[in-house]
Amino acid sequence: YRGDFRIEWYPKKASTAIVKDAFVIFTSGQIDKATSSTAANIVGTLMKTIAATDADYALNTLVPVRIPLNQNAEWEMDVTTGTLATTSVGLKFDLTDELGVNQSATTNKVVECTQFISATKGIFKICGHIALNQ
């Protein structure tokens with residue numbers, strides 16, 4: 001959405017489909033999609049779709065990842081569980097999956113709402129970014 005980013009290439013987890021713009025994490029040194037239980041260490045967002053029909057689907061080939069350079073980077077995200085409200089700004093939430101926010105869950109608090117757009121869409125910062133936690 002907005003901020004300063006760089007592109008880095010990392011090996012992907014073999015035989016795992018991930019859509020473009022999904023939040024990704026490291027699993028055993030490979031890029032994998034974030035889940036509802038992701039608590040921290042989001043690497044960034046995948047810049048290309050990995051599909052089961054890809055010739056290299058079963059391989060650990062390198063894929064491009066958009067990485068925020070600081071904690072001010074923001075993403076426009078769908079709220080796929082719960083209802084976002086104007087009072088959600090400043091609050092932290094969990095992910096529903098690699099693409100959506102769970103406004104009803106606050107166990108891991110991996111994203112922070114910085115702007116309300118609608119009940120199903122907002123602007124969010126990553127609270128658990130791997131580069132910012134080192």
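With which residue does Lys13 form a salt bridge, and how far apart are the closest N and O atoms? In this predicted model, local features need pLDDT of at least 70 and side-chain atom pairs count only at pLDDT 80 or more, whereas totals for chains, interfaces and linings use all residues. Residues are numbered from 1 along each chain as its sequence is written, and side-chain values use heavy atoms, with hydrogens and water left out.

The partner of Lys13 is Asp32, and the closest N and O atoms of this salt bridge are 3.4 Å apart; a salt bridge is here a side-chain nitrogen of Lys or Arg within 4 Å of a carboxyl oxygen of Asp or Glu. The pair links distant parts of the chain, since Lys13 lies in the loop between strand 1 (5–11) and strand 2 (23–27) and Asp32 lies in strand 3 (residues 30–33), 19 residues apart. Strands (E, at least two residues) are DSSP runs, numbered from the N terminus. Lys13 is partly exposed at 30% relative accessibility, whereas Asp32 is buried, with a relative accessible area of 11%. In these terms, buried means under 20% relative accessible area, exposed means over 50%, and partly exposed lies in between, with a 1.4 Å probe and protein chains only.

Six salt bridges are present in the structure. One of them joins the side chains of Arg6 and Glu8, at 2.3 Å from N to O, and Arg6 is partly exposed, with a relative accessible area of 35%. Another brings together the side chains of Lys121 and Asp78, at 2.5 Å from N to O. Because Lys121 lies in strand 10 (residues 121–126) and Asp78 in strand 6 (residues 75–81), this pair ties together parts that are 43 residues apart in sequence. Lys121 is partly exposed, with a relative accessible area of 25%, and Asp78 is also partly exposed, with a relative accessible area of 37%. Salt bridges that share partners join Glu76, Asp78 and Lys121 into one network.

Aromatic contacts were considered next. Rings of Phe, Tyr and Trp (its six-membered ring) pair if their centres lie within 6.5 Å, with planes under 30 degrees apart counted as stacked, over 60 as edge-to-face and the rest as tilted; by this rule there are three aromatic pairs. The ring centres of Phe5 and Trp75 are 5.5 Å apart and their planes stand at 75°, so this pair is edge-to-face. Phe5 in strand 1 and Trp75 in strand 6 are 70 residues apart, and the pair thus links distant parts of the chain. Of the two residues, Phe5 is partly exposed at 25% relative accessibility, while Trp75 is buried at 8%. Tyr10 and Phe26 form an aromatic pair that is likewise edge-to-face, with 5.0 Å from centre to centre and 90° between the planes. Tyr10 lies in strand 1 and Phe26 in strand 2, so the pair ties together parts that are 16 residues apart in sequence; Phe26 is partly exposed, at 32% relative accessibility. Ring pairs also link Phe5, Phe23 and Trp75 into a cluster.

The largest pocket holds about 210 Å³ of space. On a 1 Å grid over the protein atoms alone, a pocket is an open set of points where a 1.4 Å probe fits, with protein on both sides within 12 Å along at least five of seven lines, and lining residues have an atom within 4 Å of a point. Grid points are joined across faces, edges and corners, and a volume is the space filled by probe spheres set on the points. The lining consists of 14 residues, of which Asp21, Thr45, Trp75, Glu76 and Met77 lie nearest the centre of the pocket, and strand 6 gives the most to this lining, with four residues.

Thr45, in strand 4 (residues 42–46), is buried, with a relative accessible area of 1%. Apart from its neighbours within four places in sequence, Thr45 is in contact (heavy atoms within 4.5 Å) with Asp21, Ala22, Phe23, Val24, Pro64, Val65, Arg66 and Trp75. The C-alpha atoms of Thr45 and Lys20 are separated by 7.6 Å, although these residues are 25 residues apart along the chain.
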